[in-house]
Amino acid sequence: MPMKNLGLSIIAVLILALLAIGIAMSHGMAYLLTVIIPYVAFAVFLAGFVYRIIKWGSSPVPFRIPTTCGQGKTLPWIKTNPVENPAGFWGVVARMAQEIFLFRSLFRNTHVEIIDGRPVYGSAKWLWFFGLMFHWSLLIIVLRHLRFFIEPISPLIGALSAVDGFFEIGIPALYLSDIALLTGLSFLFLRRVIVPQIRYISLFTDYFSLLLIIGIVSTGLLMRHFFPADLNAVKTLAMDWVTFSPVAPQGISAVFYIHLCFVFTLMAWFPASKLMHAGGIFLSPTRNLASNNRMQRHVNPWNAPVKVHTYEEYENEFRDKMKAAGLPVEKE
Ligand code: HEM
């Protein structure tokens, strides 16, 4: 079954690539891919993303459920950990920033081995390392791509590209972020294929997302280093998209169409897939709530009204009897 998921996703990605080659050969279809589909894919991405965020955002979170990994705020002489167990807003901000930029909780990843019949836990940082490498390089690549969509090109993007191609290996220069992205992606993919436990739980969507991104990166690298795309035509096309006056380009290579076909599929697929963790992380109650249960009583707003009988009322009712029985009372 798990191998079937891998096979199906390979087939799905191959079908997309073949479709793109077919599109490259037909003028009408190229019009569809470069003029209509960009807007459809973007609209699906935006609407789907917003829909899922609103749906999560409006889900009830009646209780404080932050996971904590440090001493919470308590008596003044006890050392607290304001980030791992944040009591206030800024602690939560620092915690979220660590999570988003450094994948803090993945850093705690452990693996377990049975040694002499006993489970032995050890630290496992590879997933954190390659996961972080993959996400940061993807961000850098997407930022570099802004050069197609902005005129004049911001000097920041120029500087980013210059630093990224600093070693000037080859012409055009090989970007460090491309190598990092490919390395990270290869690890994430091989981990699913090789580790039997991970393979067992891997679904079609897990493989498909990875393969789509692998497809985008490979075709991008092919364009940059082996089958150069007409970058002027690409820039004109991208500027036409952002100014809402798209015209189907002429004579752009099939590799570019495959690149685009994968990108638009990824955009439309994004809100329906687990890639939505990009937005979901911000709404994760185990991370974004302050752990202030000791200072503040949080009442579930959906609690049905319950008639309570407080201790004070109890004592008022039975004070005489309690005193007569010799029981201690709070008020005389
Ligand atoms: C999810 C979005 C995208 C990703 C992850 C991505 C990834 C990549 C990668 C890794 C490369 C290799 C070279 C480099 O890093 O610059 C590349 C090249 C390229 N991409 Fe993309 N791409 C995306 C979207 C797009 C879009 C929307 C366009 C259309 C404007 C585009 C056009 C190109 C072109 C023309 C190249 C060749 C650049 C060159 O020769 O220097 N890409 N892409």
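Select A272 to begin. A272 is in the loop between helix 11 (254–269) and helix 12 (277–280). Helices here are DSSP runs of H or I with at least four residues, strands are E runs of at least two, and both are numbered from the N terminus. A272 counts as exposed, with 65% relative accessibility. The cut-offs are these: buried is under 20% relative accessible area, exposed is over 50%, and partly exposed is in between (1.4 Å probe, protein chains only).

A word on the model: it is predicted, so local features need pLDDT of at least 70, side-chain atom pairs count only at pLDDT 80 or more, and totals for chains, interfaces and linings use all residues. Residues are numbered from 1 along each chain as its sequence is written, and side-chain values use heavy atoms, with hydrogens and water left out.

**Aromatic rings**

Next, show the rings. Rings of Phe, Tyr and Trp (its six-membered ring) pair if their centres lie within 6.5 Å; planes under 30 degrees apart are stacked, over 60 edge-to-face, and the rest tilted. That rule gives 21 aromatic pairs.

Select F130 and F187. This pair is stacked, at 4.5 Å centre to centre with 20° between the planes. F130 belongs to helix 5 (residues 126–149) and F187 to helix 7 (residues 176–194), so the pair ties together parts 57 residues apart in sequence. Which of the two is buried? F130 is, at a relative accessible area of 13%. F187 counts as partly exposed, at 22% relative accessibility.

Move to F189 and Y207. Their pair is edge-to-face: 6.4 Å centre to centre, 75° between the planes. F189 is in helix 7 and Y207 in helix 9 (residues 204–225), 18 residues apart. Both residues are buried.

Then select F42, F45, F49 and F270. Ring pairs link them into a cluster.

**Charges over rings**

A charge sits over a ring if NZ of Lys or CZ of Arg is within 6 Å of the ring centre and within 35 degrees of the ring normal. Select K125 and F107. The charged end of K125 is over the F107 ring, 4.2 Å from its centre. Now try R144 and Y175. R144 lies over the face of Y175, 3.5 Å from the ring centre.

**Two crossing helices**

Colour helix 5 and helix 10 (residues 231–242). Their axes come within 7 Å and cross at roughly 85°. Axes are lines fitted to C-alpha atoms, for helices over the stretch in contact, and angles run from 0 to 180 degrees between N-to-C directions. The two helices are therefore roughly perpendicular (65 to 115 degrees; under 35 is roughly parallel, over 145 roughly antiparallel, the rest oblique).

Show R147, F148 and F149 of helix 5. They meet residues of helix 10, among them L231, V234 and W241. Contact means heavy atoms within 4.5 Å.

**Backbone stops**

Most residues other than glycine have a negative phi, and most peptide bonds are trans. Select E151 and P152. A cis peptide bond joins them, with omega about 0°. P152 is in the loop between helix 5 and helix 6 (155–164).

Go to F103. Its phi is positive, near 55°. F103 is in the loop between helix 3 (89–102) and helix 4 (104–107). At 16% relative accessibility, F103 counts as buried.

End at F244. Its phi is also positive, near 55°. F244 is in the loop between helix 10 and helix 11. At 67% relative accessibility, F244 counts as exposed.
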